[in-house]
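Hello,

Here is the structure I promised to pass on. Please open it first, then read the notes below.

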Amino acid sequence: MASRLVERLDAAIAAAEDPLLRECLKAERAGALARHGMLDDARFALAGLRSQAQRRRSPRLAAWVSLVDGQIDHFVSITPKAMDKFRQAHDLACEAGDGDLQALALAWMATLNFNASRLPAMAAQLREALQLATQQNHAAKARLGLVLADAHRFAGDDSRSQLWYQFAREHAIAEGDTSMMSALLHNISAMRAGRIGLDDCFDRGDMEAAHRALLEAESTANYDWGAGASALKTMVPLQARAQLLVVLGRWDEAVALFDSHLGRAKTEGLAHREARFVAERAWCHLRRDRPREALKDAKQAAKCIDAQFDPDDCAATHARLARVWRELSREDEALQHQALADQALAAYRAEQQRWRDALAQALEGLG
């Protein structure tokens with residue numbers, strides 16, 4: 001793996017005279033491997049670090065072990081199960097009096113709370129982490145910038161979102177962290193695709209914007225290939241490319257991506273978005289003149305729609321299903337889903353305002 005971060009850590013480990021510092025640097029290196037998708041290597045390194053943490057009884061090393069353990073869990077599947085490990089890392093970092101490590105653990109906790117749409121906890125963690133992180137804590141600041149950028153993008157505040165993406169990019173470059181650069185590119189692409197897809201579900205698709213966004217998504221995939229990043233392989237194909245292919249009317253290609261990646265996506269923490277993906281595939285089947293497959297997918301999407309918790313996903317799914325049922329001459333179902341889609345879209349707009357207010361409050365007075 002050609003990574004300036006790993007190369008720098010290797011050099012620091014070789015030069016470290018303090019045994020405890022050396023083990024902490026090894027833990028930081030294991031975390032870099034996990035974020036890059038090299039999970040077996042990260043687990044192997046973590047096993048040795050656990051033994052050292054038990055022998056040395058250092059809260060700082062124990063905090064690093066918990067943090068890396070949580071990162072491995074997160075990059076196997078984006079689910080809340082890593083939260084307990086990040087929380088433990090934070091508590092141990094507090095015990096050790098290590099403010100930068102506290103900030104890094106809080107940044108990861110904020111990441112999970114963003115993914116689960118837990119706004120109050122996320123906002124509080126972002127504020128505390130920004131107060132704790134020193135200027136040279138590039139790892140924490142890059143991750144905090146990414147969460148803040150994504151949160152402002154979700155809130156519909158694109159101008160502030162761009163500022164925080166730039167903040168995250170600068171610190172990722174300073175850190176030499178190619179996995180963070182990959183995450184930045186992916187999140188920008190996925191959130192843009194999601195917004196374009198939402199508009200298309202309400203029959204307001206922008207073909208030119210979709211075409212530009214697809215080129216961006218393919219560029220992200222090429223960056224991952226060039227950097228050797230392999231974590232969470234379903235993200236770009238499903239959250240960006242497949243949705244954009246639907247908007248562009250490239251039905252066969254979209255169905256191929258859904259078929260190839262949907263099963264794995266559920267194991268990687270995207271089960272709550274299954275209804276939206278399956279509804280999109282149902283629409284593709286209709287446009288390919290395959291009403292039987294469309295009917296099957298529409299029924300499946302309707303069954304798992306309650307698992308969604310983001311109002312934009314709910315709005316998109318109901319709107320897409322309304323169009324599917326209408327094409328299948330099932331007007332009652334179409335009207336029902338359209339009404340639910342309109343309600344969800346209104347809830348999404350209200351939620352965006354709530355996020356804008358919470359983010360402004362979290363950042364107040366921080367400069």
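Arg195 counts as partly exposed, at 32% relative accessibility. Its partner is Asp158: the two form a salt bridge, with the closest N and O atoms 2.8 Å apart. Asp158 lies in helix 9 (residues 158–175) and Arg195 in helix 10, so the pair ties together parts that are 37 residues apart in sequence. Asp158 is partly exposed as well, at 32% relative accessibility. Bear in mind throughout that this is a predicted model.

A search of the whole structure finds 29 salt bridges. Here are some others.

- Arg273 pairs with Asp313, the closest N and O atoms being 3.0 Å apart. Arg273 sits in the loop between helix 13 and helix 14 (274–287), and Asp313 in helix 16 (residues 311–327). The two are 40 residues apart, and the pair links distant parts of the chain. Both Arg273 and Asp313 are buried.
- Arg326 meets Glu331 through their side chains, at 3.6 Å from N to O. Arg326 is partly exposed, with a relative accessible area of 35%. Glu331 is also partly exposed, at 37%.
- Arg50, Asp69, Asp73 and Lys85 belong to one network, joined by salt bridges that share partners.

**Overall fold**

The protein has 17 helices and zero strands. Its radius of gyration is 22 Å, close to the 21 Å that the globule rule gives for 367 residues, so the protein is as compact as a globular protein of that length. Along the principal axes, the C-alpha atoms fill a box of roughly 75 × 40 × 35 Å.

Buried residues make up 56% of the 367. The accessible surface comes to about 16,000 Å², and carbon and sulfur atoms account for 50% of that. Take the contacts between residues at least 6 apart in sequence: 67% of them join residues at least 24 apart.

**Cores**

The largest nonpolar core has 75 residues. Those with the most contacts inside it are Leu67, Phe114, Met122, Leu184, Phe202 and Trp355. Helix 6 (residues 99–115) gives the most to this core, with 11 residues.

What does Met122 touch, leaving aside its neighbours within four places in sequence? Met122 is in contact with Ala110, Asn113, Phe114, Val147, Ala151, Trp355 and Leu359. Phe114 and Trp355 are also on the list of residues with the most contacts inside the largest core.

Val255 lies in helix 13 (residues 251–270). Val255 counts as buried because its relative accessibility is 4%, under the 20% cut-off. Not counting residues up to four places away in sequence, Val255 touches Arg281, Cys284, His285 and Arg288. Gln353 is 98 residues from Val255 in sequence and 35 Å from it in space, C-alpha to C-alpha.

**Cysteines**

How many disulfides does the structure hold? It holds zero. Cys24 is in no disulfide, and the nearest cysteine sulfur, that of Cys94, is 16 Å away. Is Cys24 buried or exposed? Cys24 is buried, at 3% relative accessibility. Cys94 counts as partly exposed, at 36%.

**Backbone and surface**

Most residues other than glycine have a negative phi. Two residues to check on that score are Ser117 and Asp203.

- Ser117 has a positive phi of about 60 degrees, although it is not a glycine. Ser117 is in the loop between helix 6 and helix 7 (119–132).
- Asp203 has a positive phi near 65 degrees, and is likewise a residue other than glycine. Asp203 is in the loop between helix 10 (178–201) and helix 11 (207–227). At 56% relative accessibility, Asp203 counts as exposed.

Lys303 lies in helix 15 (residues 291–304). Lys303 and Ala275 are 28 residues apart in sequence, and 7.9 Å apart in space, C-alpha to C-alpha.

Best wishes

Terms used. Residues are numbered from 1 along each chain as its sequence is written. This is a predicted model: local features need pLDDT of at least 70, side-chain atom pairs count only at pLDDT 80 or more; totals for chains, interfaces and linings use all residues. Side-chain values use heavy atoms; hydrogens and water are left out. A nonpolar core is a set of buried Ala, Val, Leu, Ile, Met, Phe, Trp, Tyr and Cys residues joined through side-chain atoms within 4.5 Å. Buried means under 20% relative accessible area, exposed over 50%, partly exposed in between (1.4 Å probe, protein chains only). Helices (H or I, at least four residues) and strands (E, at least two) are DSSP runs, numbered from the N terminus. Contact means heavy atoms within 4.5 Å. A disulfide is a pair of cysteine sulfur atoms within 2.5 Å. The radius of gyration is taken over C-alpha atoms; the globule rule is 2.2 Å times the number of residues to the power 0.38. Accessible areas come from the Shrake-Rupley method with a 1.4 Å probe; for residues, only the protein chains shown count as cover. A salt bridge is a side-chain nitrogen of Lys or Arg within 4 Å of a carboxyl oxygen of Asp or Glu.
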